[in-house]
Amino acid sequence: MARGLISWAWLRKPYCIQARFSYLRMKYLFFSWLAVFISSWVVYVQYSSYTELCRGHECKKTICDKYRRGVIDGSACSSLCDKDTLYLGKCLSSKPNNQVYTGSWGDLEGVIKCQMGDILQYDLGADMEPRKEAMLFDKPTKGTSVEKFKEMVFSYLKAKVGEQANLQDLANLVLSVADSNKDGHISLPEAKSAWALLQLNEVLLMVILQDKEHTPKLLGFCGNLYVAEKVEYTSLYGLHLPWLLELWIPSGVRRSMDQWFTPSWPRKAKIFIGLLELVEDVFHGPFGNFLMCDVSATNFGYNEKHDLKAVDLRRVVPEAAFREAMRDRHCDVDADCVYGADCSTSCDLTKRRCSTDVIQPNLAKACRMLKDYILRGAPLDVREELEKQLYSCMALKGSADQMEMEHSLILNNLKTLLWKKISNTKDS
Ligand SMILES: Nc1ncnc2c1ncn2[C@@H]1O[C@H](COP(=O)(O)OP(=O)(O)OP(=O)(O)O)[C@@H](O)[C@H]1O
Ligand SMILES: [Mg+2]
């Protein structure tokens, strides 16, 4: 009996080993299949989102087609379309209709921006109305004289920035940019490009603030495609986390995590001073007041010298245009009177219309954005004073015009305090 059992066990063992082996093989096969499936799915999703998001070459094709047909012209056209010396590099777009690429143009490093298809207007009046591509280069029409075009530019700017004493200077500035080959004459293709560019808030701001330090320079254009100076570091602070993780992290923890990888305090102070200077540039600038309607860390960056640079100017809007847009707006609650992330007015419940006065000036928003950033690591001897000043800055209410004295006092105090502290350090 025992012998029978042993021989049975002998017979059974190879069978067991075999079964175990094929089970392992099945498991191995299953997991390899799963890995291949998941990775090809990831590759597919990445690829399809890349092709949907990154359509720079389509943009180039459309623009160059218009350039070759003589519809548009500009300083970047021949490099982009004939000589191939303006390259589209890495795709940075986060929305399909707003193409953003790093670019190299001879020795220049820049960022190429191109609006595609049905364009989302950031214009206040049009308020995110899609604009058809076919209408893009329809103005000025054939036969429009240079004088007529100058008038068009003048009235457009008047509607945008309001009645300004030196509006003609601004119009001349725009016209000098439009004359891309600097031959003293604006051709119809140049005028069409300039008109399309003028509709873009960011370009208008770049032209207005072209002599200032804190806005990227406009390096060139072709139609509504333009090349801007590249900002080296494109966010002031903040960690990018997968959205699943984002959901689980409490907001307090998230805020302190955002401040983990930031430059040394004197460098942060220099960046903050840069932001204060930008606030000064756009408030009572040469062509009126502008409102910063999206003051968040991702819309500002800095270069290697830690000079602050605005990255995204699409939501910096003329106060005159903002007031005009708010005047007609119907509202039931204050939340109906908001433009961008943070330009708001209050709702007049008797008339059910938005009021035209902004609730907070740019300076208060700048202080709010950088409070934690600048207080973290601040030297003990300035910390208390700095905190006090930041709180009075954040408490500023109304438009900068209404409390001009207090506004400039707080701005100057903050700048002086920070400069005094960093002027002797090598980081400044
Ligand atoms: N002048 C610039 N230099 C360097 N990077 C830039 C410049 N302008 C834009 N970028 C980068 O290009 C990317 C896309 O910018 P874009 O403003 O189109 O999208 P976004 O900021 O992600 O979204 P949103 O539409 O809300 O502004 C961003 O990562 C931005 O930092
Ligand atoms: Mg942006």
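Me: Where is Lys-182 placed?

Reply: Lys-182 sits in the loop between helix 5 (167-178) and helix 6 (188-198). Helices (H or I, at least four residues) and strands (E, at least two) are DSSP runs, numbered from the N terminus. This is a predicted model, in which local features need pLDDT of at least 70 and side-chain atom pairs count only at pLDDT 80 or more, while totals for chains, interfaces and linings use all residues. Residues are numbered from 1 along each chain as its sequence is written, and chains are lettered from A and ligands numbered from 1 in the order in which they are written.

Me: What is phi of Lys-182?

Reply: Most residues other than glycine have a negative phi, and most peptide bonds are trans. Lys-182, a residue other than glycine, has a positive phi, near 55 degrees.

Me: Which residues does a cis peptide bond join?

Reply: The cis bond joins Lys-139 and Pro-140, with omega about -10 degrees. Pro-140 belongs to the loop between strand 5 (130-131) and helix 4.

Me: At what angle do helix 4 and helix 5 pack?

Reply: Axes are lines fitted to C-alpha atoms, for helices over the stretch in contact, and angles run from 0 to 180 degrees between N-to-C directions. Helix 4 and helix 5 pack at about 125 degrees, with their axes 9 Å apart. Angles under 35 degrees count as roughly parallel, over 145 as roughly antiparallel, 65 to 115 as roughly perpendicular and the rest as oblique. Helix 4 is therefore oblique to helix 5.

Me: Which residues of helix 4 and helix 5 meet?

Reply: Two residues are in contact if their C-beta atoms, placed from the backbone, lie within 7 Å. Lys-150, Val-153, Phe-154, Leu-157 and Lys-158 of helix 4 meet Leu-167, Leu-170, Ala-171, Val-174 and Leu-175 of helix 5. By class, this contact has 8 nonpolar, no polar and 2 charged residues. Ala, Val, Leu, Ile, Met, Phe, Trp, Tyr, Cys and Pro count as nonpolar, Asp, Glu, Lys and Arg as charged, and the others, Gly among them, as polar.

Me: How do helix 12 and helix 13 cross?

Reply: The axes of helix 12 (residues 362-375) and helix 13 (residues 380-394) come within 8 Å and cross at roughly 150 degrees. The two helices, helix 12 and helix 13, are therefore roughly antiparallel to each other. Their contact includes Leu-363 and Cys-367 of helix 12, and Leu-386 and Leu-390 of helix 13. It divides into 9 nonpolar, no polar and 4 charged residues.

Me: At what angle do helix 10 and helix 12 pack?

Reply: Helix 10 (residues 265-282) and helix 12 pack at about 175 degrees, with their axes 10 Å apart. Helix 10 is therefore roughly antiparallel to helix 12. Among the residues in contact are Phe-272 and Leu-276 of helix 10, and Ala-366 and Leu-370 of helix 12. By class there are 11 nonpolar, 1 polar and 1 charged residues in this contact.

Me: Into which domains is the chain divided?

Reply: Domain bounds come from an automatic or database domain assignment. Here they give domain 1 (56-229) and domain 2 (243-422). The contact between them takes 20 residues from domain 1 and 23 residues from domain 2. On the side of domain 1 that touches domain 2, helix 7 gives the most, with 5 residues.

Me: Why does ligand 1 lie between domain 1 and domain 2?

Reply: Ligand 1 lies between them because both domains give residues to the shell around it. A residue is near a molecule or strand if its C-beta atom, placed from the backbone, lies within 6 Å of it. Of the 15 residues around ligand 1, Leu-92, Ser-94, Val-111, Val-231 and Thr-234 come nearest. The shell divides into 7 nonpolar, 5 polar and 3 charged residues.
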